Amino acid sequence: MDNAHILSRIKTRFPAAVLEEKESCGDLHITVEKESFPDLMRFLRDDDQLSFTLLSDIAGVDYNSRTPRFALVYILFSCNENHRLQVIRNVEDGEEIPSVSAIWKSADWAEREIFDLLGIVFSDHPDLRRILTWDNFEGHPLRKDYPLLGKDFDTTFDPDTIIVDKV
Amino acid sequence: MGPHHPATHGVLRLVLELDGETIINVTPHIGQLHRGIEKIAESMNYQKVIPLTDRLDYTAASLNNLGYCMTVEKLLGIDVPKRAQYIRVIMSELARIMGHHLWLGSHALDIGAMTVVFYAFRDREMIMNINEEASGYRLTPSYVRIGGIARDITPDFITLVRDFVKWFPKAVEGYHTLLTNNIIWRKRTMSIGVISGDEALDLGITGPSLRGSGIAYDVRKTSPYCSYDDFDFKVPVGKTGDVYDRYLVRMEEFRQSLNIIDQAIENLPEGPVKADNPWVSNPDIDDVLDDIGALIRRFKIQCEGPRVPAGEVYHAIEGSKGELGFYLVGDGSNIPYRLKIRSPCYYLTGALPRLLKGHMIADVIAIIGSIDIVLGEIDR
């Protein structure tokens, strides 16, 4: 199915769900609203014409100065129909997002990564723990206000204080 | 198990809950090779990110370069000349064979077949020599650049590739003789780690591991990039989705990749190897010596990198382990605002608990080998 058909199929079922649609570089991006988000995601997977059976990835973006601050991009692909769709869900700072790991199992680790690196909390997630950083790590490294060198990086380090054995 | 178990291909730690020798639950712990490549990429310009991508899946580095550069090109909206596309295809298929060599050698070594690794690394050496001839580097070439490739190939490169194409079918025959009908190999791999196609897709498994379960999803076929539709090749699929089928799929991919390289090197078109865009492609070094304009442009492109328009783009290629995708957000400057890497190995590791449950400890080694994970790409 081409992008126009995908969009019209979604809009027939959920007339008010799509807030914004954009076609860039041949890909369809849709921004969806909060209320119907879980139902819409399930529909995208289960509908026999759309059948987005593969959740390729979830990309979290921190638009630091914008409200809502974050955006989650669900990158979907259908192996049967061979079409792609990016679903964008805007997220306020501190907002909890319903997990889609019951719809696609691959979302389990994708959401854990976003929780770890961006600090977005997913409700109903089976096992929401840090994944790439260690358990008592503080902060969320991919947020724009997190310093590049890390929070505990000692910038006042003086190399002359190292004691070297003189041979 | 791990993080320094020799069979975990990097630093992967698995907490296994056992009932006797049967596995009842598995918790993978990753992140011990986390270098924050996505965060570092937000601090440097588009040119400088290319060497970072080499360090993702370091067994098949050219494929990562290709995926990243094509994503930037997609956002820039530039086309790459045909000759550069063919050379990219040759380099990426060689990288795929290189990745599969490492898989074959270490997978067989883990299960106990010592000999295969020597043959695999002998042939891998030939590809490293080709990489060196093209780019000067053996393992991390950074040969694919935004807008084309670093420099045109030499006649020696063509000779080396032709020698390899001539030699390699015999080598693949050799691998088959060592393993395919070997009774120990078959007993260790058949009906182990079975997963159905739909379930594999649900878990986000892509690439040869998905094709072993019978779903012919290959990005080169479903959405051809980089002139892949010019070449005639097949996508091998398995039937049962066990370790042995995944093995057979990858063994056939050796042949198909070689087939593509053969077609590309024989039909290599003439022409430029860089896109005709003065703010993206580096001027040739000969022009730089005579022309002040070219000198300034080369300096600016090297130091600042191209300016990429604001927007979001996702581009996926077929990596040696599965769908390798890059999600890029540009903000109009010369630095990526956000670069998200869709790593196939990340999801393969996420599927490990499902694959391992109910098997014996000895099968863990066979299953980890069969999904072919590289920790550099998982941890990023």
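In strand β2 of chain A, the bridge partner of Ser24(A) is Asp27(A), helices and strands being DSSP runs numbered from the N terminus (H or I, at least four residues, for helices; E, at least two, for strands). This is a predicted model, in which local features need pLDDT of at least 70 and side-chain atom pairs count only at pLDDT 80 or more, while totals for chains, interfaces and linings use all residues. Residues are numbered from 1 along each chain as its sequence is written, and chains are lettered from A and ligands numbered from 1 in the order in which they are written.

**The sheet of chain A**

- β1(A) and β2(A) form a hairpin with two residues between them, and Cys25(A) in the turn has a positive phi of about 55°.
- Six bridges join β1(A) to β2(A) (residues 27-32), and the two strands run antiparallel; Glu21(A) stands opposite Ile30(A) of β2(A).
- β2(A) is also joined to β5(A), by four bridges and in parallel, with Val32(A) standing opposite Arg89(A) of β5(A).
- Five strands of chain A form an open sheet of mixed pairing in the order β1-β2-β5-β4-β3, where two strands pair if DSSP finds at least two bridges between them.
- The edge strands are β1 (18-24) and β3 (54-62) of chain A, each of which pairs on one side only, and the twist averages 20° from one strand to the next.

**Helices on the sheet of chain A**

- Helix α1 (residues 3-13) of chain A lies across β1, β2 and β5 (83-91) of chain A, running at about 175° to β1(A); axes are lines fitted to C-alpha atoms, for helices over the stretch in contact, and angles run from 0 to 180 degrees between N-to-C directions.
- Helix α3 (residues 107-118) of chain A packs on the sheet and touches β3 and β4 (70-78) of chain A, its direction making about 10° with that of β3(A).

**The contact between the chains**

- In chain B, 32 residues are in contact with 27 residues of chain A, a contact requiring C-beta atoms, placed from the backbone, to lie within 7 Å.
- Among the elements that give two or more residues to the side of chain B that touches chain A are α1 (37-41), α3 (61-76), β5 (311-318) and α14 (344-350) of chain B; β5(B) gives the most, with five residues.
- By class, this side of chain B has 13 nonpolar, nine polar and ten charged residues, where Ala, Val, Leu, Ile, Met, Phe, Trp, Tyr, Cys and Pro count as nonpolar, Asp, Glu, Lys and Arg as charged, and the others, Gly among them, as polar.

**Helices within chain B**

- Helix α2 (residues 46-54) of chain B is mostly covered, seven of its nine residues being buried (20 or more other C-beta atoms within 10 Å of the residue's own); the buried residues include Tyr46(B), Ile50(B) and Asp54(B).
- The cover over the buried residues of α2(B) includes α1, α3, β3 (144-145), α13 (292-304) and β7 of chain B.
- The axes of α4 (residues 82-111) and α11 (residues 243-266) of chain B come within 9 Å and cross at roughly 155°.
- α4(B) and α11(B) are therefore roughly antiparallel to each other, a term for angles over 145 degrees.
- The residues of the contact of α4(B) with α11(B) divide into eleven nonpolar, two polar and four charged.

Methods: Contact = placed C-beta atoms within 7 Å. Buried ≥ 20, exposed ≤ 12 C-beta atoms within 10 Å, placed from the backbone. Parallel < 35°, antiparallel > 145°, perpendicular 65-115°, else oblique.
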